[in-house]
Amino acid sequence: MKKTVILILLVLSTKGYSQFAKSMFSKDPIINLENWQKQRLYFGYYLGFNSFDFKFDYKNVVNQDIQVKKTTGFNVGVVADLRLQEYINLRFEPGLYYTKRDLYYPNFTAQNDYLREVNSTYIHFPLLLKFSSLRTGNIRPYLVGGMSTTLNLSSNSKSQDDNSQQKFRVKPWTAAYEMGVGIDFFTEYFIFSPSIRGMFGITDELVRDNDPNSPWTGNIDSMKSRAILINFTFH
């Protein structure tokens, strides 16, 4: 009985994939949601992953950079899409992003000194322009780019403690520019849109320690976030 159920599930999943592939990649597919993107305004939501990094610039030449250990975080948010013309849309994609980075400072021996864990919970506000290609069947690639501002709910910016008390501080608000690519897949009931974007910070995030000669922040001229964002959007 168990083998029979597994066999039925395999047949159904294979059939479902076959129908999906046929509707997407056949020479003469049935056109799904033909007028959907002709709406002036429509909405959606996204789920995804991120990998954040820091870019450091130093006041004086250093022998060893601060090392950043990246982890994979997650994104969730909503999308508002405003059609400006046939190939250009304005998109607002506010979302909640969580990520974690570990900073390893050279020239320290004690773990309390050389390691700083930076946990970040961001409310992300990107405003983007989407440049779509001509639709081919049920597929439509696009380019996307724009500006974003981010509120860090875990910034510790108001804390009086600093790195001498193992407290790493960053500014609550930052700005960045973003650019990336994606593809709209038009299924029978919804649009599935995977995308990948790069995010590049343009403002210094670091809150300096109270001591201007601090070994943690004294030689840092700027610290800016960079990230790879992978989102799966549903309209």
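**Note on the aromatic cluster, cavities and confidence of a predicted model**

1. Tyr-45, Phe-49, Phe-185, Phe-190, Phe-192, Phe-232 and Phe-234 come together in one aromatic cluster, where rings of Phe, Tyr and Trp (its six-membered ring) pair if their centres lie within 6.5 Å, and where planes under 30 degrees apart count as stacked, over 60 as edge-to-face and the rest as tilted. The structure holds 14 aromatic pairs.

2. On provenance, this is a predicted model, in which local features need pLDDT of at least 70 and side-chain atom pairs count only at pLDDT 80 or more, while totals for chains, interfaces and linings use all residues. Residues are numbered from 1 along each chain as its sequence is written, and side-chain values use heavy atoms, with hydrogens and water left out.

3. Phe-192 and Phe-232 make a stacked pair, with 6.3 Å from centre to centre and 5° between the planes. This pair links distant parts of the chain, since Phe-192 belongs to strand β9 and Phe-232 to strand β10, 40 residues apart; strands (E, at least two residues) and helices (H or I, at least four) are DSSP runs, numbered from the N terminus. Phe-192 is partly exposed at a relative accessible area of 23%, and Phe-232 is also partly exposed, at 29%, on a scale where buried means under 20% relative accessible area, exposed over 50% and partly exposed in between (1.4 Å probe, protein chains only).

4. The rings of Phe-192 and Phe-234 have centres 5.3 Å apart and planes at 40°, so this pair is tilted. It too links distant parts of the chain, with Phe-192 in strand β9 and Phe-234 in strand β10, 42 residues apart. Phe-234 counts as partly exposed, at 23% relative accessibility.

5. The structure holds two cavities of 30 Å³ or more. On a 1 Å grid over the protein atoms alone, a cavity is a set of points where a 1.4 Å probe fits but cannot get out, and a pocket is an open set with protein on both sides within 12 Å along at least five of seven lines; lining residues have an atom within 4 Å of a point. Grid points are joined across faces, edges and corners, and a volume is the space filled by probe spheres set on the points.

6. The largest cavity has a volume of about 80 Å³, and its lining includes Phe-52, Tyr-122, Met-199 and Glu-205. Two or more residues of this lining come from each of β7 (139–152), β8 (173–186) and β9 (191–201). The second largest cavity holds about 60 Å³ of space, and Arg-91, Glu-93 and Arg-197 are among its lining residues; β7, β9 and β10 (220–234) each supply at least two.

7. The largest pocket has a volume of about 270 Å³, and its lining includes Glu-34, Lys-38, Arg-83 and Arg-140.

8. The mean pLDDT (the predictor's confidence in each residue, from 0 to 100) of the chain is 88, and 88% of its residues reach 70 or more. Confidence is lowest in helix α1 (residues 2–25), at a mean of 46, and highest in β7, at 97. Over residues 1–6 the pLDDT is below 50, and this stretch has zero contacts in the model beyond near neighbours in sequence, a contact being heavy atoms within 4.5 Å.
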